[in-house]
Each structure stands twice: as structure tokens, then as C-alpha cells.
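Here is a quick tour for anyone meeting this one for the first time. Have a look at the picture, then read on.

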Amino acid sequence: MIHIRSVRRALPFAVLLPVTVLMAAGPSAASQNGGDVSPESKPTVVLVHGAWADASGWDEVTKSLQARGYPVVATANPLRSLSGDASYLAARLKTIKGPVVLVGHSYGGAVITNAAAGNPNVKSLVYIAGFAPDKGETLEQILGRYPGSQLTDDPEAPVPTSLDAVPYGSGSGDVDLYIKPDKFSSVFLSDRLGASEANVLAASQRPPTAVTVGEPSGQAAWKSIPSWFLVATDDRTIGTDNLRFMAERAGSTTVEVDAPHAVLETDPDDVTALILQAADGSRPSLAKTGSRDHTAWLGGAAVLMTACGMLVTVRARRS
């Protein structure tokens, strides 16, 4: 027999425990959306440009992210060699405290793939029409996997036919590669910008060396770090199908945008939106909300405890 006094003592506990469990399991809507996250806890977004561009290409994206309170670093990319550029970026990342969302466009994608390896602060990788090579893979191999790149119309040509080779030293590999001015708008921009703006970008392009496309990639950070991928569906530089292949292989959260390879110039809002998705996924505060499975377990525990409380009440009344 259960004494009434025992039941009265048990009832508050039986009612209170499910409420307490549910409070622990269910974060507020503001927490889910990142609305109660202070600016100090937001990750730093590091933007890495690719070949034939510079950090100014991120200007509109940077403004949008900064307006939302995100710290942003639009870093320089030397464009000298994949291993050297990755080492340069890795050293820069070591100076940044707290979580990092690492974003790479075009060749910058290959650089972040290498530079992020072994850095626990990098919580998310974002590829904006970027290379995501596997270990030992060259960018040249990726470009040749599927048709779509218009960098050359003669696979046997010593220099891709859309590029000019400009020596800068006496070594055989001391060659910079520029997109020919009359090819720039079509190859890099898919003719999505006006002639005046395209000509300015062509005149100010920063070239990679010939070494960058033939050097095997190192460790692939996307194998251990969550990734997001923007596929430009009119990419004439890397080729849309090559982008899709890399996104699928990396298991990336992927969006497709009707845009050229230089999507950050033509569609910066779409670029910003994907970076914000990755930033939300990398915020340390999200760990406090619990995983979906953990929340379901706690919810189940709450239901079970409620049922136990009701059972105690029924038995007490029968007594």
C-alpha cells in the first residue's frame, strides 16, 4: 500500500522532472536560429580567392558578413605553388583565435583543402565553385575528368589555348599564366557582366604559376571537416560536371546556382547565404542544444517520467 503522504511528496517530483528534462532538451527558437548568439562567439570567416582574381572579389560578401557581425579575413593568396600557398594560409590561420569557417573560390578551394588539415579551429569548409582535390590528385587531372572547362580547346597544346604564358624568371617553371583578354569574359564570367566591368577584371587579374595545376595535392581536409559546396551551373573554367563530382565525393551540403565560375562577382548574395549556413553549423553554441538523437532521447525520458507520475497517482487513488 502506498501512503497518501508519500504520493504527495512524489507528485511534485513526477511533474517537475519531465518539465526540467524538456527545458534541457528544447532550445528556444532564437537559439536554433542563432539569434541569441553574441557577436563575440561567432566564427571568423576566412575568404581565400583563386587564380585570376584577388581579395577584392570578396568585397560584397565581406560587407554582408560584417553587417551581420561576423569577423572576416579576406586573405591574400600568393598563387605560386599549391604546397607553398597552403603553407602560407596555414600560418595565417594559426594567428586567428576561435572557430573558423574557411571559404575558397576556384583554386582557393585547393588551397583550403590542404591548409585546413590538422587545424582543429577550422569547423567548416566552403567551396565556391572551387577545387576540392583528393590526396595525390592534381588540378590538371580534375580539369580533364569531364568536359566543360574552356581553358583550352586543344588538350595536346603545351599551354592551354585560352591562356598566355608570361615568363618571370630564368627557370623552366618560372611562368605566369594569364587568361587572354579576349577570352576572359567568356571563360571566367560566362559573359554575365558588362564589357566594361569584364575588361577591368581582365586587366587586374592575378596569375597563377604553371606549377599550381600540376602539383599533387596533400591531405584532403574535407575528409574530416564538414563541407558546403556551391556549384555554378555555367562554369566554363573548371566545368560544372567537375564541380558536381567533387561536391558529391566530399559529401558536401551542395547548392547549385545559375552562375559563371566567378559567381562571387555576379551572385554575391548566393555566396553569402551558403557561407552563413556553414557558419551556423560551426557555432560552438550549437553543441549546447544537443543533437537530434540526444533531444529525442530526452523527450522520450520526459514522456516516461510523466507516465510514471500518472501511474503513482492512479495507484494512490486506488489505495
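## The overall picture

What share of the 319 residues in the protein chain is buried? Buried residues (under 20% relative accessible area with a 1.4 Å probe, protein chains only; exposed is over 50% and partly exposed is in between) make up 46% of them. Keep in mind that this is a predicted model, where local features need pLDDT of at least 70, side-chain atom pairs count only at pLDDT 80 or more, and totals for chains, interfaces and linings use all residues. Residues are numbered from 1 along each chain as its sequence is written, and side-chain values use heavy atoms, with hydrogens and water left out.

The protein chain has 14 helices and eight strands; these are DSSP runs numbered from the N terminus, with helices (H or I) of at least four residues and strands (E) of at least two. Take the contacts (heavy atoms within 4.5 Å) with a separation of 6 or more: 72% of them join residues 24 or more positions apart.

## H7 meets H8

Helix H7 (residues 181–189) packs on helix H8 (residues 195–203) at an angle of about 100°, and their axes are 9 Å apart. Axes here are lines fitted to C-alpha atoms, for helices over the stretch in contact, and angles run from 0 to 180 degrees between N-to-C directions. That makes H7 roughly perpendicular to H8, a label for angles of 65 to 115 degrees (under 35 is roughly parallel, over 145 roughly antiparallel, the rest oblique). H7 brings Phe184, Ser185 and Leu189 to the contact, while H8 brings Ala198, Leu201 and Ala202.

In the loop between H7 and H8 sits Ser190. Ser190 has a positive phi of about 50° although it is not a glycine. Most residues other than glycine have a negative phi. Ser190 is also buried, at 4% relative accessible area.

## Another positive phi

Ala129 has a phi near 45°, again a positive value in a residue other than glycine. You'll find Ala129 in the loop between strand E4 (122–128) and helix H6 (139–143), buried with a relative accessible area of 0%.

Thr212 lies in helix H9 (residues 211–214) and is buried, with a relative accessible area of 2%. A polar atom of the Thr212 side chain lies 2.8 Å from the backbone oxygen of Thr209. Setting aside neighbours within four places in sequence, Thr212 is in contact with Leu79, Arg80, Ser81, Leu82, Tyr107 and Leu139.

Methods: A polar contact is a pair of N or O atoms within 3.5 Å; within protein, one must be able to donate a hydrogen and the other to accept it, and residues adjacent in sequence count only if both atoms are side-chain atoms.
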